[in-house]
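Please look over the structure below before reading on. My notes on it are numbered.

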Amino acid sequence: MQIAILGATGYTGLEVVRLLQHHEQAEVTYVSSDSQAGAHLADVYPHLRGVLAHTLEVADPVEIAKRADYALVALPSGVSTNVVPGLLAAGVRVIDLAGDHRLPSAVYAAWYQKTPPSSSVLASAIYGLPELYADQIADAKLIANPGCYPTATLLSLLPLVKHGLIDPQSLIIDAKSGLSGAGKALSAGTHFVEVHENFKAYKVGEHQHIPEIEQVLTDVNPSGEPVTISFTTHLVPMIRGILTTSYAKLTGSYSTEDLLAVYREFYRNAPFVRLHAAGHWPQTRDVTASNYCDIGLRVDPRTQRVTVIGAIDNLVKGAGGQAIQNLNLLAGLAQTTGLTTAPVYL
Ligand SMILES: NC(=O)C1=CN([C@@H]2O[C@H](COP(=O)(O)OP(=O)(O)OC[C@H]3O[C@@H](n4cnc5c(N)ncnc54)[C@H](OP(=O)(O)O)[C@@H]3O)[C@@H](O)[C@H]2O)C=CC1
Ligand SMILES: CC(=O)N[C@@H](CCC(=O)OP(=O)(O)O)C(=O)O
């Protein structure tokens, strides 16, 4: 199958380029950039010399349709909206890594402060969390690839909410991310001097991933009640990785082992979710450069609360790797195709 990567000069686009080198069924035939069109990708990123000989091109949907079956769109939120309709109209199946197609119009406009996509395009979008929606993803024309924080948070919490094991309104989530999550563009709050030897919260109570997490938890909540969460994001002075720590009140006297048994069953067909028994807690280093999501949990019988830890690489399971997992589902391939490389520990 032939693949176009839009926004190939950005951090997630570059990660998709890297990962697809290991995918025996995929051929990258189009790499786009607005600002560097005409340059060789390997001149912009010399680490790719001898690996890829592609020239960057402006994203032209009609030309892309001639050379690609699928487009992985790694453009900023608010920008992908401009190209996705043209790609769909030209017959290209699209996986959008941006936030534009994950939320209802009014919710997107309120949390992203950007113009939402047209309702007809939005209606065709399927939320691309393979561990929950694999069947719908397989037939989709447009996949809204989940955000990085939602991926770690949802995979940590879905079994508990779906089986009514916690009071979902008691959920508190502390999330920490490395700086590549902020993308390549410079900003005052993310440059070296601001983040090195520093640890800070940001977008407290107003992060755009709050409604995305709430809508999926509500979707699986057996009571049907809307789920609302307390969710705080933090910047960690490292490049890759997200670690989420979630806390919730249990609805009964469950043990750690009871809950782990539920998770094992829930994720029995999920090749990228690895469960940890007590003794080793998930850490970002265990998943770096891989598509794994590691999860560990513990019940505190004194408080009847559960703590769940989740770890992903934001650029892989949180973005490019998950996009390829979705691509595999669209193409009828095993979810793991091209994604079996081991994490990089050091
Ligand atoms: N970084 C992460 O961990 C994650 C990111 N995402 C989402 O994936 C998408 C890509 O993210 P990421 O790779 O980090 O972003 P980057 O900022 O690193 O890259 C985005 C690329 O888009 C291109 N682009 C085209 N039009 C514009 C424009 N108007 N403004 C800025 N850039 C533009 C740029 O390339 P050029 O100028 O060469 O055209 C740039 O290289 C975003 O929507 C992001 O929210 C989702 C999950 C995780
Ligand atoms: C560390 C960091 O800054 N992370 C970004 C994640 C951006 C992202 O993934 O954006 P969308 O999913 O909304 O497209 C943030 O917190 O906004």
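1. Ground rules. This is a predicted model, where local features need pLDDT of at least 70, side-chain atom pairs count only at pLDDT 80 or more, and totals for chains, interfaces and linings use all residues. Residues are numbered from 1 along each chain as its sequence is written, while chains are lettered from A and ligands numbered from 1 in the order in which they are written.

2. Ligand 1. The shell around ligand 1 holds 29 residues. Here, a residue is near a molecule if its C-beta atom, placed from the backbone, lies within 6 Å of it. G10, S33, A98, G183 and K184 come nearest. By class, the shell has eleven nonpolar, 16 polar and two charged residues. Ala, Val, Leu, Ile, Met, Phe, Trp, Tyr, Cys and Pro count as nonpolar; Asp, Glu, Lys and Arg count as charged; the others, Gly among them, count as polar.

3. Who supplies that shell. Helices α1 (11-20) and α12 (316-330) each give at least two residues to the shell around ligand 1. The most come from α1, with three. Helices are DSSP runs (H or I, at least four residues), numbered from the N terminus. Domain 1 (2-123) and domain 2 (149-314) each contribute at least three residues. The domain bounds come from an automatic or database assignment.

4. Ligand 2. Where does ligand 2 lie? Both domain 1 and domain 2 give residues to its shell, so ligand 2 lies between them. Among the shell residues are S77, G99, C148, Q208 and L235. The shell has four nonpolar, seven polar and no charged residues.

5. C148 sits in helix α8. Is C148 buried or exposed? C148 counts as buried because it has 27 C-beta neighbours inside 10 Å; the cut-off for buried is 20 or more other C-beta atoms within 10 Å. Its contacts (C-beta atoms within 7 Å) include S177, G181 and I242, leaving out residues up to four places away in sequence.

6. The core. The largest nonpolar core has 92 residues, and I5, A71, L72 and V73 touch the most other members. A nonpolar core is a set of buried Ala, Val, Leu, Ile, Met, Phe, Trp, Tyr and Cys residues joined through C-beta atoms within 7 Å. Helix α8 (residues 148-162) gives the largest share, nine residues. Domain 1 and domain 2 each supply at least three.

Key:
Buried ≥ 20, exposed ≤ 12 C-beta atoms within 10 Å, placed from the backbone. Contact = placed C-beta atoms within 7 Å.
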